[in-house]
Amino acid sequence: MAKFPSVAWFDAVRDVYNKDDAMHGAGSGTCNCVVGVQVGRELFQLTFEGFECSQAEKITRTKLDDCDFYLHMTTKDWRNMLDNIQEHGHATDNFTLNTLDLGRVEGLSSSTHNDQYREDLFFRYNQTLQFFFDGSSRVKTTY
Amino acid sequence: MATAKDADRVRPALTLSKEELEVEVPEPRLNWMNQWREWGVRVKPGKKGLTLGSLNVGLYGEIPMNWPDRSRNPRGAIGVTGTPPVAIQIKDKVDLWAPCAADLYEEAIQRRWAPATDVDWTAIHPLPDDVERAICQVCTEICQYAIIDVELITSWQHQMAYGYHEVKQFLATTSLDATRRHEAFRKRALVNGGGLGYEGPCQVSRLLLESRGGWTETVTGLTLVRGLFTQVMIRYLTRFAYNGVERKIYECVTQDLARLLTYGIEHIKYALAHAPDKQGSVITTLAIGFRMFNRDLRDPVLREALAIIFGGGIAGARSEGMHVFYEMLDEYVEELLGACQYLRLPVAMEQLPTVFQKDKRQLPGE
């Protein structure tokens, strides 16, 4: 049981993602990027290296510059997404990262540096990121 | 397994005649063995393995601004003299280079997928006839785009100097990506009781195929006009996917296209940084591209098919479906203007055809 959002929760999801070979093939594979996650006012940083998500840590706003891009939603919207993943085993309909990015006026993925090369990693690694969050279906989550 | 009988049959052919045995075999000179431009290189694999980019050490990492050698001599090797030149026309780094090409190549190789086995085709289920027809029509057009991509990229590849093998290798993966895109969408069109529809209008395609001026200008059309629009369209198709089969195809294709777009945008950025006078031809190419794209959009087939998909059928196409279609165009324009800003290209909304301008757009029937 892990509370969202917290480093412990991201570590639990990392564990699922890192151990499941099915999440590392078929259009996924190696992934090298630093992803910020903003949940309300709380900020986290996920480091993807090769086939694993090697680290999750809590960060301050100034560290967002180190992130290639960051995913931002209110706590409520994150919860809606995670509930959908829990229910179906993976994100469906309006709760995939792609759809959330398209469907929300403010988008889902942003950056503080406006470097398009780094921002576009969101699209280049989209399948991996989706697999990662889909992995939360196997983590008992409290809020 | 070879039998004794087989051995008997082979042996006579290997038997040398007396004359042959008397031919003098010269002592090996081995004089080629000391002819290395740099010896003792030992690249060690890193966290990402032994990558193409990591091989760029010492003289092997010297990537000159010009590569006058019109042979197939690999960069770092000792060329021979007197080789007839091959049809290499792109010899300047500024005309093809993107610093990320080696990384994109590795990414394409490592993140490959196979439509035949990575898509769970059994998850397909019958759809209403109007929706199935619309999906098949869109698949047809995307197949056509993919064919154009392959033809276009391969027609330029052989003209590029071997000194820039990172770019040539990456572009080889984009050709494969495009053939896989063709494969996946053709399979989707034929897997659920539908088939291929109308060939789409070809103004943008013709512009791309007839682009002979330069690779940078071709890349401009290929990425900022055709590629970016295709990626936005496929992202919207993902949002409105009817089953897991489509979702999987769209998600993987989005990633494939993202690599091509990254190369294109980073190449244009590199070209403009090192040859600012290219800005004029890039902007002109964009202007022509938008005009051609505008003409393609006047054809109702793709618009109507997408509206039916987005609206859940013909009934919902006119209102909800068309609304989403134009929202998709707005998303394309936003991404396009964002890319132009990143590239410092003076392209503004007012310069685009009115169909791309939300406030000036005339909707069908108005």
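So, a polar contact is a pair of N or O atoms within 3.5 Å, and within protein one of them must be able to donate a hydrogen and the other to accept it. Keep that in mind, because we'll count some in a moment. Oh, and what you're looking at is a predicted model.

Okay, let's start where the two chains meet. Chain A brings 27 residues to the contact and chain B brings 32. Together they bury about 2,500 Å², and carbon and sulfur atoms give 46% of that. Three residues do a lot of the covering on chain A's part: Leu102(A), Phe123(A) and Arg124(A) supply 27% of the area that chain A buries against chain B, more than any other three residues.

Now, how many residue pairs are in polar contact between chain A and chain B? The count is 18, with both residues at pLDDT 80 or more. There are also three salt bridges between the chains. In one of them, Arg235(B) pairs with Asp101(A), and the closest N and O atoms sit 2.9 Å apart.

Which helix gives the largest share of the side of chain A that touches chain B? That's H3(A), with five residues. By class, that side of chain A has eight nonpolar, 13 polar and six charged residues.

Last stop, the insides. The largest nonpolar core has 103 residues, and Trp215(B), Leu237(B), Tyr263(B) and Tyr332(B) touch the most other members. Take Tyr332(B): leaving out residues up to four places away in sequence, its contacts include Leu224(B), Phe290(B) and Phe356(B). Apart from that core there's another one, of 39 residues, including Phe10(A), Val37(A), Ile85(A) and Tyr125(A).

Key. Residues numbered from 1 in each chain as written. Chains lettered and ligands numbered in written order. Predicted model: local features only at pLDDT ≥ 70, side-chain atom pairs only at ≥ 80, totals over all residues. Heavy atoms only, no water. Contact = heavy atoms within 4.5 Å. Buried area = accessible area lost by both parts, 1.4 Å probe. Salt bridge = Lys/Arg side-chain N within 4 Å of Asp/Glu carboxyl O. Polar contact = N/O pair within 3.5 Å; in protein donor to acceptor, adjacent residues only side chain to side chain. Helix = DSSP H or I, 4+ residues; strand = E, 2+ residues; numbered from the N terminus. Nonpolar A, V, L, I, M, F, W, Y, C, P; charged D, E, K, R; others polar. Core = buried A, V, L, I, M, F, W, Y, C linked by side-chain atoms within 4.5 Å. Buried < 20%, exposed > 50% of the residue type's maximum accessible area, 1.4 Å probe, protein only.
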